[in-house]
Amino acid sequence: MASELDSKRTRPLVDIGVACNTNQTFQWWSTVMLMLLSEEKSGNIEIGQLRTVGSAVPDHNKNNIIGDSKRRTRLTDYNRQEVTKGFLSGEAEWIFWMDDDTAPPLNAITGLLHSGHDFVAGAYFMTAEPYHPIAYRKMPDNGLYAPIYNYPDGALMQVDSVGFGCTLVHRSVYEKIRDAHTVFERHNGALLVVPNDMVTGNVGDDYFEPYVKDGVYYEHIKAKSEDDDRQFPFYQLEHGRTEDHYFCELAAHVGVKPWLDTTVVCTHYKTMPTTKDNYTEFLLKETGLA
Amino acid sequence: MKIAVFGNMDIEADAGVEVRRFEITSFYPNEKIDGLYYRIFVSNCMPELPREAVMDFLKKAHDALEVNGEIIVQVPMAEFAAKQLFTNKADPITYYMLYGTDEHPFRACYTMLQMRTLLARAKFNVKEATEAILKLTTTDGEELNLPVHNLVAVRND
């Protein structure tokens, strides 16, 4: 939504979306506060709204919305959509996503902005071996995701999927996705998003049970009804996959792939913090250098 | 539009684009005489500069670019060469990556992070920093694959 302020604004306006669990470690709070202070002091960006939802334990129990002064028991994808809804109805050009267990470094947002990309993530690492950053390439032969691994420190590369624990997205990415897709309702009531250019013919009313013929799955879908007030599903937990893969695939449909900036390095707090040192140590061990 | 090229690389320019070639050790741009470049390629020659001359070169390159112009830097991967040495797998390519040739000796070797830091200090915004393979042809016609860091950075003041 444009505003009269836009023309006077000289710094990019960035909303912050945080997926929260019930508790965060004190180290997370101090690191995040320091990061926000560093952005304020550097003066490179203007922080707009803080849009917090709960919760961030991956992924089926990111459940309680706290930022909108109400509690819900929904899944991560729903909560991310609620945050996105607020972001898209506001004034900010950018949204910076964090989880409540990922603590970005000082000036993380400025660093990501300077890359010049509309969809760019910092690195945070899996909390178990091999401690790879939560970023993936899609394997062309089977469509599955393989983690980014053994990259040179400082790499800034295009990938196929990233986590949303330290991720900056421009408003235009959401708008392009929304404009280029049609939303249907599946036979089980769930929403199905299909790129417009993959839709031909008419949607019939004749319901049938899903079936498989010659290795192809057939299912009846219908147009999303006008009184269905569900948000555009930018994020969906489906087939046991996290909701960030889903968003990255929607973005890829409109020609936007995420970038991974490995100079923006977060600490990933679980019971024990996972840092880049875990990744480096494992890598050195594996390559015979330690 | 003008492109500046440092290093011995093949480049096919579109019609109307002027390509100028320079030695990295003797680059003296003058905006009033030469105008500004919209792209600068620095391919496999940054290591020829002494360390104390690198920032000076990058600053000159920055000022010689149009606003939103790009610099593309390719340097042999120091990390790869070091790993080859530490795991006793060094071959002639490894030594070339570290020391260059008699005609073009290398005076420095760069990791990705060092290269990004240098570009940031010269006020560039790095928009891509990836690994790549540079195809080299020796005087004997042999083709070699050189692992390089490939960085694209923008002047956007």
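This is a predicted model: local features need pLDDT of at least 70, side-chain atom pairs count only at pLDDT 80 or more; totals for chains, interfaces and linings use all residues.
1. Two residues are in contact if their C-beta atoms, placed from the backbone, lie within 7 Å.

2. Chain A in outline. Chain A contains seven helices and 18 strands. It has 290 residues, and 39% of them count as buried.

3. Strand β16 of chain A. This strand covers residues 259-265 and is mostly covered, with seven of its seven residues buried. Two of its pairings may be described in turn. Strand β5 (residues 119-123) of chain A pairs with β16(A) in the parallel sense, over four bridges. Within this pairing, Ala123(A) has Val265(A) as its bridge partner in β16(A). Strand β8 (residues 156-158) of chain A also pairs with β16(A), but in the antiparallel sense and over three bridges. Here Met157(A) stands opposite Leu260(A) of β16(A).

4. An open sheet in chain A. Three strands form an open sheet in the order β12-β11-β15 (chain A), and their pairing is antiparallel. The edge strands are β12 (191-195) and β15 (222-223) of chain A, each of which pairs on one side only. Strand β11 (residues 181-185) of chain A is joined to β15(A) by two bridges, and these strands run antiparallel. Glu185(A) stands opposite Lys222(A), which belongs to β15(A).

5. The contact between the chains. Chain A contributes 13 residues to the contact and chain B contributes 17 residues. On the side of chain A that touches chain B, five residues are nonpolar, seven are polar and one is charged.

6. Helices α3 and α4 of chain B. Two packed helices are described by the angle between their axes and the distance between the axes. For helix α3 (residues 78-86) of chain B and helix α4 (residues 92-99) of chain B, the axes come within 9 Å and cross at roughly 130°. Angles under 35 degrees count as roughly parallel, over 145 as roughly antiparallel and 65 to 115 as roughly perpendicular, while the rest are oblique; α3(B) and α4(B) are therefore oblique to each other. Their crossing is left-handed. Ala81(B), Gln84(B) and Leu85(B) of α3(B) meet Thr94(B), Met97(B) and Leu98(B) of α4(B). Sorted by class, this contact of α3(B) with α4(B) has four nonpolar residues, two polar residues and no charged residues.

7. Helices α2 and α5 of chain B. The axes of helix α2 (residues 51-64) of chain B and helix α5 (residues 112-121) of chain B come within 9 Å, crossing at roughly 55°. That angle makes α2(B) oblique to α5(B). The crossing of α2(B) past α5(B) is right-handed. From α2(B), Val54(B), Met55(B) and Leu58(B) meet Leu118(B), Leu119(B) and Arg121(B) from α5(B). The contact of α2(B) with α5(B) comprises five nonpolar residues, no polar residues and one charged residue.

8. Tyr28 of chain B. Tyr28(B) lies in the loop between β2 (18-22) and α1 (31-34) of chain B. A residue is exposed if 12 or fewer other C-beta atoms lie within 10 Å of its own; Tyr28(B) has 9 other C-beta atoms within 10 Å and is therefore exposed. Tyr28(B) and Phe57(B) are 29 residues apart in sequence, and their C-alpha atoms are 9.2 Å apart in space.

Notes. Residues are numbered from 1 along each chain as its sequence is written. Chains are lettered from A and ligands numbered from 1 in the order in which they are written. Axes are lines fitted to C-alpha atoms, for helices over the stretch in contact, and angles run from 0 to 180 degrees between N-to-C directions. A crossing is left-handed if the near helix is turned anticlockwise from the far one by less than a right angle, and right-handed if clockwise. Ala, Val, Leu, Ile, Met, Phe, Trp, Tyr, Cys and Pro count as nonpolar, Asp, Glu, Lys and Arg as charged, and the others, Gly among them, as polar. Two strands pair if DSSP finds at least two bridges between them. A residue is buried if 20 or more other C-beta atoms lie within 10 Å of its own, exposed if 12 or fewer, and partly exposed in between; C-beta atoms are placed from the backbone.
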